[in-house]
Amino acid sequence: MSEHSDHNGHGHGEGHGTGFYFKIYLTLLVLFLISVAGPEIGEATGIRAITLVTAFGIALWKARLVINEFMHLKAEKRIMKWLLTTSVILMALMVAGVSPDVLNHRGNNWENLAAQAAVERGLAEMAGEVHEEEGTEVVEAEPAGFTAAASYGTVCATCHGAAGDGSGVAGAALDPPPANFTDPVFWEGRDRDRIITVIRDGAAAVGGSALMAPWGALYDEEQLGLMADYVMSFNPNQ
Amino acid sequence: MADTAVDVHHGEHAHDDHHGPSGILKYIWSTDHKIIAMQYMFTGMFMAVIGGFMAYVFRMQLAFPGISVPGFGQVSPGEYNALVTNHGSIMIFWVAMPVLIAAFGNYLIPLMIGADDMVFPKINRLSYQVFLLSAIILLVSLFVEGGGFGGAWTSYPPLSASGEYNQTDLGSSLWLAAVAIEFVAFLLGGINFIVTLMNSRAPGMKAYDIPLVCWMIVIASILFMLSVGPLVAGAVMLFFDQTIGTGFYDPARGGDPILWQHLFWFFGHPEVYVVLLPAIGITVDVIATFARKKIFGYKMVLYTAVATGVLSFFVWAHHQFIAGIDPRMANVFTVTTLLISVPIAEMCFVIIATLYGGAIRLTTPMLWALAFMAEFLIGGVTGIFLGASGADIYFHDTYFVLAHFHYTFFPIAIIGTFCGFTYWFPKMFGRMMNDTLGKIHFWGTIIPFNFIFIPLFVLGMGGQHRRIYNYEHFPELAGADMYQLRQIATIALLVMLAFQLVFFYNWFVSLAKGEKAGKNPWKSNTLEWTTESPPPHGNWPKDELPNVYRGPYEYGHPDREEDYWPQNLPS
Amino acid sequence: MSGRPIATDRSATGIPTHRLAIWWVLASEVVIFGGLLGAYLMHRLGHPEWAEAASHTQTWIGAVNTFVLLTSSFTAVLAHQAAEKGDGKKAAMLLVFTIGGALTFLMIKSFEWYTEISHGYTITANTFWSFYYTAAGLHALHVIAGAIIMGIVAVGAFKGRMLHRVEIIGIYWHFVDVVWIFLFPLLYIAK
């Protein structure tokens, strides 16, 4: 199966000798040294082009050597070259098609505010932390812990509204409408335990509308209590 | 060895060391391409039953909101989301792909090109096992705590990226894992199909002597292989977002949710053609056989299939016109989307030209093939509206879109499958299917199918949005006339599902009592009809593997008395 | 009894079946890595602030790893050459060297990740680090898979069986090398 003699006629004599492979290997090492040294020079001289050309140009050259001489693609049937070239071109076209949306943070009629804010925040941090020791400020990017207000904002406010008045965007279409926590009438006969039960098991558990979904899977008892307190803080009589 | 004697079909193997496992293991641990094809076929049909049951449950909820659905009970909003999501995922990834590509590809490619098996039988077996694992994971995901994933089969973040939003922490991770594992299975299978077709053709079989259905399955495998890569990478990223809290798709942390949409549709749109091409291939083969005519333009079909494949890589963003993509890109993608209808239309013309002047025999498989053309045309034509970015703004995410893609996927996955299954049934099981029952099943499927989805077109144009659990919450969508249309669709679905029992009944009765098929019941040319029905292990006796002398569609040749001319007959 | 079907030994294209298959595997790998690196590239260009995070990668460790992989590629191609001449024992020995390269690479990698994680640069620290660990991790998985398969191939080659496999695993290994050749400037050099 591994007979190679059928495609040896490309100038290297009888197959590839060890010497030939060693020469390729040495070339690769030299290129590798350039690719490491180049960016150092680029940084020292402040010419970014040197960094980019040595880093990526050399990478392409190295890849070409490995693919042609080590993988023997050069001696392979043409169809395989076409195949691999096609797959690389496809990826380039994918990047070209996606980049107007993902690479940019603003376009015609739209703006990616969150991404812009992330860039600004990052750049400000960079400017501010020049003298700081490396790696201390990165850790705090961990997601924050539980707070009742934040959880209310995530799971409740879409229907009940950020102000608790039942005016959330998703609630507009619901029948019956979402409860209005700022209405004193609502609070008649409702205590903290009942609120906890409804958040945990859904309103259907106390005979209310099934549109108020159960959220017990997300929170433990302590967190449910905190959320109930937060909801009760909307009560104007309290 | 005593119990294997039943399974060895003929005596040719006496001199051959019997190297397969014995007994029941023969069916679950075999490397024979025909057995693996049957494994894919039965798994796919089993999943189709589950997917159909899901459709029944949520259609009942939509037509009669709040009803306690017989066999399921009351549908909660979360369950409704899980049902529609998994109906879509199952029908595309666990029905259309395994049946059309893996089952027919495994069964037909070696037989049609005159080889004794796939080139890598063990990888073939592995591919089915990986596929089975993915199906099991998906089914398990429906029953874990929190329920099955409900973020639609497109699984857009941020909804899919965080348990806080989708409420199905475990379900969504399992769903994603199942899909990714399924991709691995099809990569393994696809490499096998491609290499088998490229290298293992019978002596004398040139590129243009290959039956079109083999070409189509292989082109589809190539499309799949080249498009799925970015989504595999994207799925890993989404999985990390779900499980360890990275921010790949969270703009506040330097990611981008639109990226997922691009990666998904860069795969998702070629995927349509991945399942379409095998279905067209089956149709073309069946139509040539039953029109008793040479395909009008063999090369035309092949080249248009390649053109479709190439173009399909450059249309993906028409799914995202509404997502805020760059309007200049929307222009480009509108043009490419409209362009892609040209090669498909050309295939339709070739099929019509083949029918013209043919000696048409309206057998059950032929009816399915003709129905495929007719129904798929409706799906294709309604796609033109959606491909135009201006019109799409209004149609996006309405039932018009839903009806459009069901008019493409139903012909592909259901009609195409029945067409191929009824056509090759005699080869697979050695007996003919009952034609009368087959026709009853055909009309009982096609007529209700139109009654399901034409009302949905109307509802879509009336502004009915997708992904809504209960239209009573939306007064302008809850009118009596709209409910009437919804109920028509649901009742038609019930009728259609009921008629599927005829198919299963026909299958079992034919298996037991059907007329013996013989080698070549349809008087067809291709190589699979030159061996026994069902073919023995190794397909042909070892020293009698066929040689090929001509193309696969030489029907009604003027120089011959018979109206067909098998590929393996020396002239 | 040969378990191999006749189909496997046919070769209508003129390319041996196994080599044909590995090229297709590589084509599917190109699009997997292409998708991931393409996504990284777009984000990297859109987020100038990632330069800060990127400046904490340890270029010298990456450079040593590049050297290790290049060398292992060299021994892999020598193994192929030996297998072609029918010298299974020499091929097996050279493959063992290549596996040694893979293990060295992985050890250096774990040391590198250990220091980075202990400095607080975890995969969730920032999306640059998420991409860094995902891309390098996917590549490391390929290194691990390659090392395992090479072990199996080397055992067979030592017994003089299935020498054609040496070429196939070699082609795969060079591909792993090529991916690293691009990962190195993308993750380490371009600050």
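User: What covers the buried residues of H3(A)?

Analyst: The cover includes helix H7 (212-243), H8 and helix H10 (327-339) of chain B, together with H2 of chain C. A residue is buried if 20 or more other C-beta atoms lie within 10 Å of its own, exposed if 12 or fewer, and partly exposed in between, with C-beta atoms placed from the backbone. Helices (H or I, at least four residues) and strands (E, at least two) are DSSP runs, numbered from the N terminus. This is a predicted model: local features need pLDDT of at least 70, side-chain atom pairs count only at pLDDT 80 or more, and totals for chains, interfaces and linings use all residues. Residues are numbered from 1 along each chain as its sequence is written, while chains are lettered from A and ligands numbered from 1 in the order in which they are written.

User: Which residues of H3(A) are buried?

Analyst: Among them are Met80(A), Leu83(A), Leu90(A), Met91(A), Met94(A) and Val95(A). Ser87(A) and Asp101(A) are buried too.

User: How do I read the length of helix H3 of chain A?

Analyst: Compare its reach with the expected span, 1.5 Å times one less than the number of residues. Helix H3 (residues 78-102) of chain A has 25 residues. From first C-alpha to last, H3 of chain A reaches 35 Å, close to the 36 Å expected.

User: Where does H3(A) bend?

Analyst: A bend is the angle between axes fitted to the seven residues ending at a residue and the seven starting there. H3(A) bends by about 25° at Ala96(A). A proline, Pro100(A), follows within four residues.

User: How many residues of chain C are in contact with chain A?

Analyst: Count pairs whose C-beta atoms, placed from the backbone, lie within 7 Å. Here 51 residues of chain C are in contact with 49 residues of chain A. On the chain C side, the elements giving two or more residues are helix H2 (17-46), helix H4 (59-84) and helix H7 (164-189). H2(C) gives the most, with 13 residues. By type, that side of chain C has 28 nonpolar, 18 polar and 5 charged residues. Nonpolar means Ala, Val, Leu, Ile, Met, Phe, Trp, Tyr, Cys and Pro; charged means Asp, Glu, Lys and Arg; the others, Gly among them, are polar.

User: Which element gives the most to the side of chain B that touches chain C?

Analyst: The contact takes 40 residues from chain B and 31 residues from chain C. H7(B) gives the most to the chain B side, with 10 residues. That side of chain B divides into 24 nonpolar, 11 polar and 5 charged residues.

User: What does the largest nonpolar core hold?

Analyst: A core joins buried Ala, Val, Leu, Ile, Met, Phe, Trp, Tyr and Cys residues through C-beta atoms within 7 Å. The largest has 272 residues, and Ala96(B), Cys214(B) and Leu95(C) have the most contacts inside it. Its largest share, 23 residues, comes from helix H8 (residues 257-291) of chain B. Apart from it lies another core, of 11 residues, including Phe181(A) and Leu224(A).

User: What radius of gyration does chain B have?

Analyst: The radius is taken over C-alpha atoms, and the globule rule is 2.2 Å times the number of residues to the power 0.38. With 571 residues, a compact globule would be near 25 Å; chain B has 24 Å, which agrees. Chain B holds 16 helices and 2 strands, and 58% of its residues are buried.

User: How many helices and strands has chain C?

Analyst: Chain C has 7 helices and 0 strands. Its C-alpha trace spans about 60 × 30 × 25 Å along its principal axes. Of its 191 residues, 60% count as buried.

Note on methods: Two residues are in contact if their C-beta atoms, placed from the backbone, lie within 7 Å.
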